[in-house]
Amino acid sequence: MKTVLSKHPRLLNKTQINTNKKNITMKKILLTGLTLFLGMTAVNAQLIKNDFLDGYSIGDNLEKGEYTSTTNDQETNPVMIQWNLTGKSNSSGKNDNRAGNSPLITDILSYPGYIETDQLSFELLKLNSGEGRTTGYSLTSDNTYKDATYYVSFLVNFSNAGASTPTDFLALEGNYYLNTQRAKICIIKSGGGFKFALLESNGTAAESTDVYQLNTTYLLVLKYEFNGKVQLFVEPAINTTEPTSTPLEYTISSGVNSIRGITVRQRSNFAAKIGGLRFAQTWNDVLGLVETPAISEATAITTDGFTANWTPVVNATNYKVTVYQGSTPVGTHETTEGQDASSLTITGLEELTQYTYTVTALNETNNYFNSDESVESDPFTTNATNSIDSSAADKGIIISTRYYNLNGIEVNEPSVSNVYIKQDIYEDGSITTSKTFK
């Protein structure tokens, strides 16, 4: 029971738009803000950061300071957890890292299925000829983020692309003072559009075969696997299954010792907006996804209820059980035990009625979607009220027995494995009704 949106990939051939459709799952969300989660908790296990533009307003400069040294000296060059002008200027102050103006804060970028937030975006300005400016966000000055796999996701919208060679606009940083770019994401002009490319540092870039449109917002996910590969996913399907391959990748030969920051670069040959930045250690976390619970069969079935069962999932803060009679939902029930809840007792149902149920993992931290609704459970039937009691012996012997299916139609002796309604008729004319299984 999912709502699925079909959309066009928004790619260009040299002369036409590629209109092959792909499906992405839309999630139900209520997201009003951003919260920084650096701790590894059961709820947000591997989301590291997603409030890169917290506290900004439209029109602000992205840069809040600058690094005047490229030495690892905490006293004269302390780590600043914010966006800063990077590098060390020459005597004229106009070298490749520091010429031009700061990027500017602009309005929100959005993308179907990507986590909706009130996070603003920033604009990489098209600079004058010969100018270049690198701005970076320092995550840490230590080796916290190393020897593992990390992901960066973001939205990007180019309004101009003018270079036919790979030009980097976003990269990972090996130093908090921001002068060691690796895993460079590049743009290459191609016909009336552009290609994405991935570059380790210098050398040959891996570039996309597809050509993309200007003035269109795209989702990119960068995967950096220490001692392994770097991959760039362009418009991946937004679900909990990470793609198994991508055309943009390289094997690390000159990587960083640890990830200490993220940089963006302004040039004279492109202009773009970037928003929705997320830094995480898993695919689900970088896309804000909560995995769908796996359910098992109902247990403890009574005349008016049952117990729903499932396997807990990471990043859930609670669970919702929806009960169905046929295809019609007849009630929703939420747990209160949190992420580790694995069952919920449901009451208030009708006796001798067939039901199914689904489970949805909920998240209420403003960083994740709720999960998809699980598959439906196997059908089960609530019990009948047993009217046979201690006075049954006074009724005499049973003179006849009738059987009915759950639709109320009388049948001969039960011949198919199922639940049946059994009516026993006594000598005194009284009738008792019970449920029986074949």
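Let me begin with a definition: a residue is called buried when its relative accessible area is under 20%, exposed when it is over 50%, and partly exposed in between. Lys 195 has a relative accessibility of 18%, and it therefore counts as buried. Please bear in mind throughout that this is a predicted model.

I stay with Lys 195 for a moment. Its salt-bridge partner is Glu 207, and the closest N and O atoms of this pair are 3.4 Å apart. Lys 195 belongs to strand β14, residues 193-199, and Glu 207 to strand β15, residues 206-207, so the bridge ties together parts that are 12 residues apart in sequence. Glu 207, at a relative accessible area of 37%, is partly exposed.

In total, the structure holds 11 salt bridges. I shall discuss two others.

The next pair is Glu 66 with Arg 98, whose closest N and O atoms are 2.3 Å apart. Glu 66 sits in strand β6, residues 65-66, while Arg 98 sits in the loop between β7 (83-85) and β8 (104-106); the pair therefore ties together parts that are 32 residues apart in sequence. How accessible is Glu 66? At 39% relative accessibility, Glu 66 counts as partly exposed. Arg 98, in turn, has a relative accessibility of 10% and counts as buried.

I now turn to Asp 168, which forms a salt bridge with Arg 267; here the closest N and O atoms are 2.6 Å apart. Asp 168 is found in strand β12, residues 167-173, and Arg 267 in the loop between β20 (261-266) and β21 (270-280), so this bridge ties together parts that are 99 residues apart in sequence. Are these two partners buried or exposed? Both Asp 168 and Arg 267 are buried. Which residues are joined into one network with Asp 168? Through salt bridges that share partners, Asp 168, Arg 265 and Arg 267 form one network.

Finally, I come to the polar side chain, that of Asn 175. This residue lies in the loop between β12 and β13 (181-190). Asn 175 has a relative accessible area of 16% and is buried. What does its side chain contact? The side chain of Asn 175 makes a polar contact with the side chain of Thr 180, at 2.6 Å. If neighbours within four places in sequence are left aside, Asn 175 is in contact with Thr 180 and Arg 260.

Thank you for your attention.

Key
Residues are numbered from 1 along each chain as its sequence is written. This is a predicted model: local features need pLDDT of at least 70, side-chain atom pairs count only at pLDDT 80 or more; totals for chains, interfaces and linings use all residues. Side-chain values use heavy atoms; hydrogens and water are left out. A salt bridge is a side-chain nitrogen of Lys or Arg within 4 Å of a carboxyl oxygen of Asp or Glu. Helices (H or I, at least four residues) and strands (E, at least two) are DSSP runs, numbered from the N terminus. Buried means under 20% relative accessible area, exposed over 50%, partly exposed in between (1.4 Å probe, protein chains only). A polar contact is a pair of N or O atoms within 3.5 Å; within protein, one must be able to donate a hydrogen and the other to accept it, and residues adjacent in sequence count only if both atoms are side-chain atoms. Contact means heavy atoms within 4.5 Å.
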